[in-house]
Amino acid sequence: MNDLRERLARLANAAAEGVEVTRPDQQQQGRPRWRSRPALVAAAVLVVVAAVTGLVAFVGRDDGDDDVAVRANGDDGGGPAGQATDAVVAVTYGDASVSSGTIDLELRFLDADGSVIAERSWSEVEQPAAGAPGEAVVMGGLVQGVPAGELSLEATLRQDGEPVSCTQPFSAAAGDRLILRLQLGSAAETDCAQVQSVEDWAANRTGPTGVDYIGLTEAEADARAEAAGLTTRVVGVDGMDLVVTMDLRPDRLNLMLFDGVVVAAQLDGEGAAPSGLECPSNASCGSRTVVTPVLGGG
Amino acid sequence: MEFAEFFEQTAPRLVRLCFLTTLDREAAADAAQEALSRAWRDWPRIGSDSSDPTAWTTTVALNLCRNRWRRLASQARLVPRAYSIDRRSDELPDIDLQRALRRLPTRQREAVVLHYWADLGVDACASAMGVTPGAVKQHLSRARQRLAAELGEPDLELEVESP
């Protein structure tokens, strides 16, 4: 026992060498100027949430081969001044089966003047997923705070060949929570994303039990559910419907999260087939299935 | 307690905990940073005298590490990463232990790390993992068997200490 404890301690200590995490309150000093101007003090809560937890992206592999390059404009003075994070936009690039290979994806948020609000690029070397020879499951997205106004998202996908690019215009009003689902497989240079509000995404996915969970963080929802004798699972994140098992467990609360907060919650079975009707064998009742925009396909 | 004091006490431990549960330094740094950021955001509530911010942050960090999507989330922040990793330290010791831990199911690995590394009792492990104490004991029992087999030490006997 002591041997295992010592080995765990040695390994953990070695892994922690050279890892420095930053105090979140000090982290704020380095935020891009367009998100830290004095004019935003009145919206401090929104800014803090966006800066600390909101600017999050999801990429589909954790095989250590990711080469992530990230830059948010504005900290060098080059970004649009005076903009606020009035709205939050989640971009997903799907849950798609693609051939193994290198995938490069670049996303840029532009304001009405064409100035870059934020941009990101990454490269992934995909590996075959278990049970799916020659294919890999890709799932990703990001959440970005944006100012209100007429904006656009430029997306470029490079996968084993010519890049596929498109620009998706969208409007954001203060308080909006939007989802942009990229469909980069099409040849379209515009309108290559489905635009949906979080409210529409989460519509009709909250049951009577789940009402009290709306607005909680995942940890808070977990704690409340546990106190109520329920288990939880996340079935949707930032506009993405996750793969879930189809079993029915009446004590399981299905959570949908956007920007780290519960936007819908439903017990298994709530909102399923109408009373007296059986769920068809080829349908999903009370559970989520996956919407899979094709990535890089024809 | 002030947040600064909590951070100084908690951050190193959280990085280690997250590493042992993910076996990925970058993911560990991400999860620890995110958990501490959330702790700071909610500090007025969880930092009160009646709360246990360490337990809260541990649970949040474990959730982040466990949930693939949440863990991957912070790999692609649109802001510069708040943490830094010295790449020269990529060579880690005890490959056998790393391999054995990696082959454990997530819950078993969490139970082993919380109980044998973090020195938490069964009840505290259960609270952090969001499961019952009985489930923790079961995870530990199975993990011991697998670790013994993986590490080639059939005599490996790990006591489960009472809460």
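**Overview of chain A.** Of the contacts in chain A that join residues at least 6 apart in sequence, 65% link residues at least 24 apart; two residues are in contact if their C-beta atoms, placed from the backbone, lie within 7 Å. This is a predicted model, in which local features need pLDDT of at least 70 and side-chain atom pairs count only at pLDDT 80 or more, while totals for chains, interfaces and linings use all residues. Residues are numbered from 1 along each chain as its sequence is written, and chains are lettered from A and ligands numbered from 1 in the order in which they are written. Chain A contains 5 helices and 15 strands; helices (H or I, at least four residues) and strands (E, at least two) are DSSP runs, numbered from the N terminus. Buried residues make up 43% of its 298 residues. A residue is buried if 20 or more other C-beta atoms lie within 10 Å of its own, exposed if 12 or fewer, and partly exposed in between, with the C-beta atoms placed from the backbone.

**Confidence along the chains.** The mean pLDDT (the predictor's confidence in each residue, from 0 to 100) is 65 for chain A, where 54% of residues reach 70 or more. Within chain A, strand β3 (residues 67–71) has the lowest confidence, with a mean of 29, and strand β15 (residues 261–267) the highest, at 93. Residues 28–83 of chain A stay under 50, and the model has 135 contacts beyond four places in sequence for them. Residues 94–100 of chain A are also below 50, with 33 contacts beyond near neighbours in sequence. Chain B averages 80, and 79% of its residues score at least 70. In chain B, residues 69–81 fall below 50, with 49 contacts beyond near neighbours in sequence. For the complex, the predictor gives an ipTM of 0.86 and a pTM of 0.44.

**Overview of chain B.** Chain B has 9 helices and 1 strand, arranged along the sequence as α-α-α-α-α-β-α-α-α-α. Of its 163 residues, 49% are buried. Among its contacts with a separation of 6 or more, 61% are between residues 24 or more positions apart.

**Largest nonpolar core.** A nonpolar core is a set of buried Ala, Val, Leu, Ile, Met, Phe, Trp, Tyr and Cys residues joined through C-beta atoms within 7 Å. The largest has 54 residues, of which Val15(B), Cys18(B), Ala32(B) and Ala61(B) touch the most other members. Elements that each supply at least two residues include α1 (2–16) of chain A as well as α1 (3–22), α2 (25–41) and α4 of chain B. The largest contribution to this core, 9 residues, comes from α2(B). Domain 1 (1–92) and domain 2 (93–163) of chain B each give at least three residues; the domain bounds come from an automatic or database domain assignment. Beyond its neighbours within four places in sequence, Ala61(B) contacts Leu14(B), Leu17(B), Cys18(B), Ala31(B), Ala32(B) and Ala35(B). A separate core of 47 residues includes Val146(A), Leu151(A), Phe258(A) and Val262(A).

In helix α6 (residues 95–102) of chain B, Leu97(B), Ala100(B) and Leu101(B) are buried. Their arc around the axis is only 100°, so they sit on the same side of α6(B); the arc is that of the directions from the helix axis to the C-beta atoms. Ile95(B), Arg99(B) and Arg102(B), on the other side of α6(B), are exposed. Leu151(B) belongs to the segment after α9 of chain B. Leu151(B) counts as partly exposed because it has 18 C-beta neighbours inside 10 Å.

**Helix α5 of chain A.** Helix α5 (residues 218–227) of chain A buries Glu218(A), Ala219(A), Ala221(A), Asp222(A) and Ala225(A). These residues line one face of the helix, because they fall within an arc of 160° seen down the axis of α5(A). Their cover includes β12 (231–237), β14 (252–258) and β15 of chain A, together with α4 (53–66) of chain B. Gly229(A), which follows α5(A), has a positive phi near 80°.

**Open sheet of chain A.** Four strands of chain A form an open sheet with mixed pairing in the order β13-β12-β14-β15; two strands pair if DSSP finds at least two bridges between them. β13 (240–241) and β15 of chain A are the edge strands, each pairing on one side only. β14(A) and β15(A) run antiparallel and are joined by 6 bridges. Leu257(A) has Val262(A) in β15(A) as its bridge partner.
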